[in-house]
Structures are given as structure tokens and as C-alpha cells.
Amino acid sequence: MKIQKFFFILLALAVTVMSCSKDRGTIGVSWQLVQNQYKTGSQHKGELTFTNNSKYTLTHRNWEFYFSWFRSLVADQENDIVVSRTLNGDYNRILPTEKFPGLKPGESVTFPLIGTHYALNLTDAPSGGYFVIKRLLRKDILLPAGETTVLPFPSDAALRRSEADHLPAQTAELRYKENEGLQTLDPAGLSPVFPTPLSLVRKSGDVTLSENIDIFYYTSLGNEAAYLQERLQHIFGEKILKYKFRSPDFGNYNHTRIILNLREGDPESYLLNVDPDSGVQIYGADAAGVFYGIQSLLSLMPASAATAPVGTVVLPRVRVEDAPRFPYRGMHLDVSRSFHPKAKVLRFLDLMATYKLNKLHFHITDDEGWRVEIKALPELTQLGAFRGHTKDERDHLQPALGSGPFADPNSGNGSGYYTREDFIEILQFANSRHIEVIPEIDMPGHIRSAIKAMESRYYRYMDAGKPDSANMYLLTDFQDTSRFSSAQRFNDNTANPCMESTYRFVDLVIEELVTLYKAADAPLTTLHIGGDEVPRGAFTHSPVCRAFLESQDTYRSPGELHKYFTRRVSALLKKHAIHTAGWEEVACMNEDGHREPDPSLVNEGIVAYIWNNVWGWGAEDLGYRIANTGFPIVMLNATNFYFDFAYNRDPDEPGLYWGGYSDTRSAWEFTPLDITKCAEKTLLGDPVLPALFDGKEALTETGKRNILGLSSALWSENLRTWEDVEYKTFPKVFGLAERAWSPQPEWARIEDKEARVAARESDWNIFVNRIGQFELPRLDRLGVKYRIPLPGAVIEDGVLKANIRFPGLTLRYTTDGSEPLANSKEYTNPVPVRSGETIRIAAFTGTGRSSRVVDL
């Protein structure tokens, strides 16, 4: 209701200034890459086309075009009909010059768009475009351009970063070669439990479950019993009942009962015994262990279960002894850049629990949005949670990341927030799934949404003649003339660490979060403060910071203010017995332009999240050095666990790729205790040579003890819809779940590279069969829109040969150039290709969904 109320206020205000685009037609925008390495190695050339399908004629003075772009505009755009300028961040504007020829309805105009770097896939296209049609003495018109049409990449366009880039673009032939060693395995020989457990013993016989099964549970396991009851009712109907018992030595077993009980053991460990005589027993060392035993029991269910109530389900007779490898098994979800509503977050949590993941790193603030209601500072969500066209950001933030012109939660990805009630419900739901929610309030950089909200608050109170109230939570030194550009090209995204009002703001936000967690009866053990990517040059010309540095002897330069900020915030958190976490930068100091672990911060109890390990960039071992110094760490190395990265170098495959490409295999093959064993290719596609690790630190025994676990990262700059989130998460998450939960694979212990690779490939074949034959059908059952891999295919000597990464998916093809459908011919063996035939092939799930079509 609060969102709706505020939206209507916004809409009423907007109507007095702008008129929206209803029934006025559109002006379509298309973009095409022309050339990478254009003129220099650090820019590319594209073309932007406007097609006027509106009722307006564009002249040289009556329109403006705004858009988001991951690239920066270069100075020389090689045309004289428009002028282009980056305003702030990824927000850009194009204006007509006197030489603009005019654009009548039905006409098109094309002009160059030259940007920095390169364009390797469709995510590099401009997005979120809209026109402002200016009318003399009347309201301006906001005219959204809709999704940018990305035209096919030219076949001769170099899909590489530079001449030194040797990473090949994806082709059907390359995929065929990558999959060539895979074989379809008998499902009876695959583990029926995922992730792979410590021990699973099969015995002859089976157990039949039906609607007559009852759940008996120890008194403290009511939450777990209710969860299991709900899941079984989806399978068998409403007759499943549960009964509480009070004595932990309860032993009344029979084949019509599921027993949930406790036993001694390591945290989160469990025993699952499925036996035709004694029924199903799940014993956990704690409630979490019982919960994970339930997940293993559910994974024994056939994929067809729960699509509709069934009469019986036959389970194999097994005994599973299991415990997690790491206590921290996490997923990071960014809802700041692209907002995703509460219902989707609850779904995300449910899917995490299914695969025994137990930490949600909830990125709820950043430059582009503040997403949780703070009662005492309503401006944070009234202004900071909305993005749209604006003259001065007094009403909402500027558009970003394709969010478009309207500050409306129902329009685009830029607007929305969680009310206090929403956030409490998220916490309670997570707690019921044994998932701890670790909130991230990113600061002192990456906090533009709060900066602008507090500036709006400042102006409001100053207008009311209340300067003390205006300055109470201000994050900005208005006299600061420092010039900087952040990693996302903002010039105003950093809170001033020398102002006491900054710490009053932080303290108030912490107090509110503590209140919300207490209301939810959920643990708040750790708060992630971000601390990353504070731009060089920030605070250098702040009078407040200059005065602070001159007033004491501990911190001598603007570069040391990051440490000062970290210590101040850490002290605020300690008042509530909350651990400080942050990106790797919070545990480091800068020495000669390089990050080095800062031993003086070890006693702060900071947990460092390791991210920047790109092979060849020089910081490959930074995580190990931080752990060896004494900091607890969580590893979400970008090369393996940044799930927002594109799956591979295919121009039609969306996603960022600044640190490489990520897929299921890159997560699965990660070796946290010795990263040299998973370093295969550099960013530019060259082999990683042993010399790369000369002089690098290996993990010490102290360092090993400081690895808390693993996590993925889902940054949402290009995850604008929930379908995007599921596409990027699944099936990549299976690699993460296997590495975070399951024991270290034997191949990771082998020192001889040739022997290790051979053992690894054998394990990979087992893993992809397990995913393709069991887990993908399970996701189908749950309605998850995961990415379906494209087939590998070649035509050799007139014969079509094809394969797929996940055995269990079905390949279907046509020979007449038509699109393969769910009833097209199934590929099972090599097929002769006649002269004149045009082969098209795709992979299909059991529910009829298909991959993109591959043309041969």
C-alpha cells in the first residue's frame, strides 16, 4: 500500500510537468556493431538508428534522447547531426544539432555511436532509451523507445577485446568438441542425492510411500516437520499427518512412518535411513541437519512427483551419512540495480534451501537504489528507491541500467522497495529454511542513492528553517571540489567519512536493521558494509577531511580515510555484537598501487569477501594472503562464481564479461584450497602457465581454517527481469552447491596435472549426467526457467553429429530450414545429410522448452 500511495503522488506530480506516451506511438531504436578495435585498440564503433513510428516530426530543436550504456561515449562521434554526452554513471543524452535533417513519421535516421572498449554481446547495446518531445508552451512528452533492437553482429566483426585476445567465439563446432568426451550414463549408477553426500550406501529393496505415511517428530523440530508435511501433501494430497514426541530416544519405527529426531554430530550433519522395515528415519545434529536430511529425502523422489498428487512413490533403500564441507554456502542477490519484489525473493530462498545453501548475501543498497524502508529516514525509499526522468533528482534518482523514464515499480527494473513488513517476512521465511540473511549496506562508495536522498532531506529542512535537522544525517560536504569517477562512472557516489553526520546516518540504519531482525526473530550476526571501489580522488579536496587529517596523527592522507571509516562503522556494529563484513578492500591497505592485507585490522573481526582474482591481473593470491594474515574469508572469486557473467563468448548470449565468462563448469571445477589447480585460461584465452604463480602465496594451515566457505554473486546490472535471474542462476548454481557442500573431490588432491585432468573429466561426466537426468527435470517440476545449453554439432563427411552438455536433454532437428519443435525428429545417432538440406537443431526439456536454435 505504501508503494502504491507514493506512486500515485509521484504520478500526480509528474503530470503537472510531463505528459506520458499513451497512444502517441513510439520511436524505435536499433543498434548494430560495426567494428571493434576501431582506430585504436580501446574503442568500438556502432550505429544507432531511430525509426519514427510516432505522430511527431523530430526537428533540430524539439527532442532529446536519453539512454543507459555500459560503455562511455568518446569525444569524436564522427557526425554533425547530433551531439552526445555522458551525464553521470551510465546515463547519456543525445541532442540534435542545427544540421539534423528532421525525422517525419515513417522515416529513419542512422548515425555513428562510438564508445570505449569493445562490444562482444548484446548486453553491450544501449538500453532503456526514451525521447523527450519538447512542445512550446505545452507539457513535454516522455516517449519510451522500448527494448533496443540489437541487429546481428557482422560476421567479420572481431569478437575480441584486442589483438592480444585469443579466446574464440562460441560455435556449434566448438561446443561439439567441448562435449565430445561426455557419455550418457545409466541413471541407476548415479547418486540419487544431490549435492554428493559424504557417504551413500545402497541396499537391495525399496520403500513405498503413500498418502498413509505419517510424520513423527521430536518436540523442537516442529518447523522441519511442517515443511516436510507441506512438501509431501503436494505429492500425496492432504492426508499426511504429523505427531510430536517428547523423548529423544523415541524408537517406534515402522514402514508407514517418517521419524525426525536429533543425535550428536557436527553442525548441520544428518543421517537419512530409508528401510522397508523401519520406514524413513532422519536424524540431525541440529534442526538444520534434519532440514537437510529432508532435502535429501525429497531428492530421492522421482521428477514426476508433485506435478500432481500421486498414489505412491517408490524410493530406493539407502543409508546416507552427510555433513557440509563449509559452514558458509551462499548466494549473493543484488536488488539495488534491478529491483525484484518480495515474492521472487521468497522463491529464490526456497530454491537455495533445496540445494542446502544457507546464506543469502542480500545487496539491498547501491548507487542505483535503496531497497529497504528505514522508518526514521523515509527519504531513503521515497526518493532513493525510484528511478525516472528528472531535472534535479529532488523527486527520484536518474534512470540507470535500462530502467527507462518512469519512476514506477510496474514499469522497468529501477523502482520499488521492501516495506518493513515485507523485509520482516523475508527474514522469517529465510529463517524457516535455515538461511541467514546477511544484509549489505554498501558504503562509503556505492551509496549514491542515500546521498541524494539525504540531500533532498537537507533541502527540505533548510527550506523549513531547520539547519540542525537538515545537517543531522547529511552525507555530503558541499564544499568538496574533489573530482573522481567511480568504477560505474559516477562522480558523486561516495559518502564523506570525515563528517559526524555520516556516522549518525550509519548508526541509525544499523539500529533500524537490528529492530527489523528482532521483530522477525531472525539472527543478525553479520552486516556487510561493502567498502569496495571507493574511487581514487575522493575526499582529496574536502575541507572537512582536510581539517580532520590535520587534527590528528593516526591517519595522514585521504587514502587512509577508508580504514578510518571501516573502524568507525565496525565500532558501531560491535555495540550490537554484529560482525563486520566487507569486500576484500576492507581488509587491505594500498601499497605502491597494490592491495595488501592490513594486519592492523585483524582484531576488528572483519570477514573479507574475496572477488577480484582474474587470472593474469596480479591479485590471484590476494584471498590467500588475506586469510593467511588472519582474516576469515568467503570466496566468491569472479572467474568462477560471478553468475551475472555471460555463459560464454556468443554475441547472442547476454551478460557482462569484464572478468571472463562463467558457467556450471567454472563453478564446479573451483578448487578453493589450491586455486592453481583450476586456473586454466587467462582472460584473453591463453593457457595459464605455472610461472603466473611464481612468488604467489599458497594457503597456510591458518589460512585454510579461515575459509568460511563459498558464494556466488548475482549482480543485477543486466538482470532486469526475474527470468534473467533464473537464466543466470540455473544451472550454474549446481556447481556452487557441489563445491560448497560436498567433500573435496579426489582429483583435486592429485598433483600430477595429466592424471588430475583425466580424473576430473571422469568426475565431470558423472556430474553432468546427474544434473541432466535428475536436477533439470526437478527444476522443470518447480517451474524454473533455467538456461538450456545449445547443442554442439558438426557436419563431417556429409553426416550430422551432435551432442549436449547435460545428457538427459533431448536433441531435435529439422532438415528443411524450419525451426525445430517439440515433435520434430529426435537426434539419437549420426544422421546423413543430403545435398540441399538445411540443418537446424535445438535441445529440449521434458516439458517442451527449448534452447536457442543452432543453424548449420
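Predicted model: local features only at pLDDT ≥ 70, side-chain atom pairs only at ≥ 80, totals over all residues.

Residues are numbered from 1 along each chain as its sequence is written, and side-chain values use heavy atoms, with hydrogens and water left out.

**Entry: K732**

I looked up K732 and found it in helix α18, residues 732-741. K732 is buried but has no salt bridge. Buried here means under 20% relative accessible area, with exposed over 50% and partly exposed in between (1.4 Å probe, protein chains only). A salt bridge would need a side-chain nitrogen of Lys or Arg within 4 Å of a carboxyl oxygen of Asp or Glu. Lys and Arg count as positive, Asp and Glu as negative, and His and the chain ends are not counted. The nearest side chain of opposite charge is D644, 7.2 Å away. I then checked contacts (heavy atoms within 4.5 Å). Leaving aside neighbours within four places in sequence, K732 is in contact with F643, F645, Y647, S662, D663, T664 and A667.

**Entry: S68**

S68 sits in strand β4, residues 63-68. Its relative accessible area is 3%, so I log S68 as buried. What does the side chain of S68 reach? It reaches the backbone nitrogen of L401 at 3.2 Å, and a polar atom of that side chain lies 3.0 Å from the backbone nitrogen of G402. Not counting residues up to four places away in sequence, S68 touches D90, N92, P126, S127, A400, L401 and G402.

**Entry: helix α13**

How many residues of α13 are buried? I get 7 of the 8 in this helix, residues 622-629. Those are L622, G623, Y624, R625, I626, A627 and N628. They pack against β25 (588-591), β26 (594-597), β27 (607-610), β28 (633-635) and α16 (701-705). After α13 comes G630, with a positive phi near 125°.

**Entry: largest cavity**

I looked up what lines the largest cavity, and the list includes I610, N612, M635 and I675. On a 1 Å grid over the protein atoms alone, a cavity is a set of points where a 1.4 Å probe fits but cannot get out, and lining residues have an atom within 4 Å of a point. The largest share of this lining, 3 residues, comes from α13; L622, G623 and Y624 are among the lining residues.

Key: Helix = DSSP H or I, 4+ residues; strand = E, 2+ residues; numbered from the N terminus. Polar contact = N/O pair within 3.5 Å; in protein donor to acceptor, adjacent residues only side chain to side chain. 1 Å grid on protein atoms, 1.4 Å probe; cavity = no way out; pocket = protein on both sides within 12 Å on 5 of 7 lines; lining within 4 Å.
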